[in-house]
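Hi,

Here is the structure I promised to pass on.

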Amino acid sequence: MTAIVDRLPIIGDDIRDRILNGPRTPQAHRAMLADTPAMNALEIGGQGGVDRLPEEFTIAAWNVERCLFPEGCARHLAPHAPAIVLLSEVDYGMSRTAQRNTTAAMAQAMGMHYAYGVEFHELGLGGPTERKFCTDDFNAQGFHGNAILSSAPFLKAILIRLDDHGHWFMPDRNATDPEQPRLGGRMAIAAQVQTVTGPICVVSTHLESNADAAHRGAQFDLLMDAVEAFAPDMPVVIGGDLNTGNHLPPDFDWRQETLFDAARARGYDWGLTPDGITTRASLITPHQTRRMKLDWFATRGMSGQAGPLLPALDAEGTPLSDHDCVLCRLRRG
């Protein structure tokens, strides 16, 4: 069950010590996830301007890479006036982002409701490229996760955990980033939102980077099952960083992923995703030269038009993220 709260509970020093000093096994990880309230809750807040979405609207999906610049990201999206924004890699109470609730800050700047859930409870200050942004030698909350912003209020919302065994928790699974130990796993947030023509389900997700196509395929299967149980027969849009092509030799070819055909077999369409590579060099990415197509929309029971790929560069040319933002226009049916 997902608890809906006005503010996520802090993970105290006693729990943190138990995480750091306890056994690093899948069983221990599942037990700690179950016993940590913040990992099984969604924070709902903000204020929007409408009681339901229009017949046709713009939706954005953006991996904001920690969200170093929440107000800057809001300004960057403003000309496109998205009614729904699906975010991943959003910090909350992290030293590298000045201990801010960056989702709440971005929602306030855009005049939107928000739902935020924790993907990982970070036990450190982040990777070497991020530490120069740290304002303290501790994290006030240490949350890193996904979010949904919406102009209209949420009818219902849930957190969907896609990985509970501790992919980034156990030492032998953490080879790609041993300096960022963490509790948690990849996840999604699903929410029902009313439009003038009926309710829809919007989903923000982030699949595993440190894995192969089979692992991501299993995560997407789990996600589709959970969405069907949450919003049976409802039009759906899933958006986010699916990490397509990661760990697939020789050149990160997203076309090797099995999740595309699996989703098509269940009535989903990928045609509203803008063309083009979606990663870029940024202020903190350790992969400055890597170019990949990671960010997608999958829709069921909806129509529309793929929008532009929005480069993640502000008016001064500063990169806001290592991902560009994908946009599309949507309508129910």
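Let me start with a question: is serine 151 buried or exposed? Bear in mind that this is a predicted model. Serine 151 has a relative accessible area of 18%, and the cut-off for buried is under 20%, so it counts as buried. You'll find serine 151 in the loop between β6 (143-150) and β7. Leaving aside neighbours within four places in sequence, serine 151 is in contact with Gly48, Gly49, Val50, Leu53, Pro82, Ala83, Met112 and His113.

Next, helix α5. This helix runs over residues 213-230, and its 18 residues reach 25 Å from first C-alpha to last, close to the expected 26 Å. Its buried residues are Ala213, Arg216, Gly217, Gln219, Phe220, Leu223, Met224, Val227 and Phe230. They sit on the same side of α5, because they cover an arc of only 160° around the axis. That buried side packs against β7 (154-161), β9 (187-195), β10 (198-206), β11 (236-241), α6 (259-265) and β12 (295-300). On the face turned away from it are the exposed residues Ala214 and Ala229. At the start of α5, a side-chain oxygen of aspartate 212 comes within 3.3 Å of the backbone nitrogen of alanine 214.

Cheers

Terms used. Residues are numbered from 1 along each chain as its sequence is written. This is a predicted model: local features need pLDDT of at least 70, side-chain atom pairs count only at pLDDT 80 or more; totals for chains, interfaces and linings use all residues. Side-chain values use heavy atoms; hydrogens and water are left out. Helices (H or I, at least four residues) and strands (E, at least two) are DSSP runs, numbered from the N terminus. The expected span of a helix is 1.5 Å times one less than its number of residues. Buried means under 20% relative accessible area, exposed over 50%, partly exposed in between (1.4 Å probe, protein chains only). The arc is that of the directions from the helix axis to the C-beta atoms. Contact means heavy atoms within 4.5 Å. A polar contact is a pair of N or O atoms within 3.5 Å; within protein, one must be able to donate a hydrogen and the other to accept it, and residues adjacent in sequence count only if both atoms are side-chain atoms.
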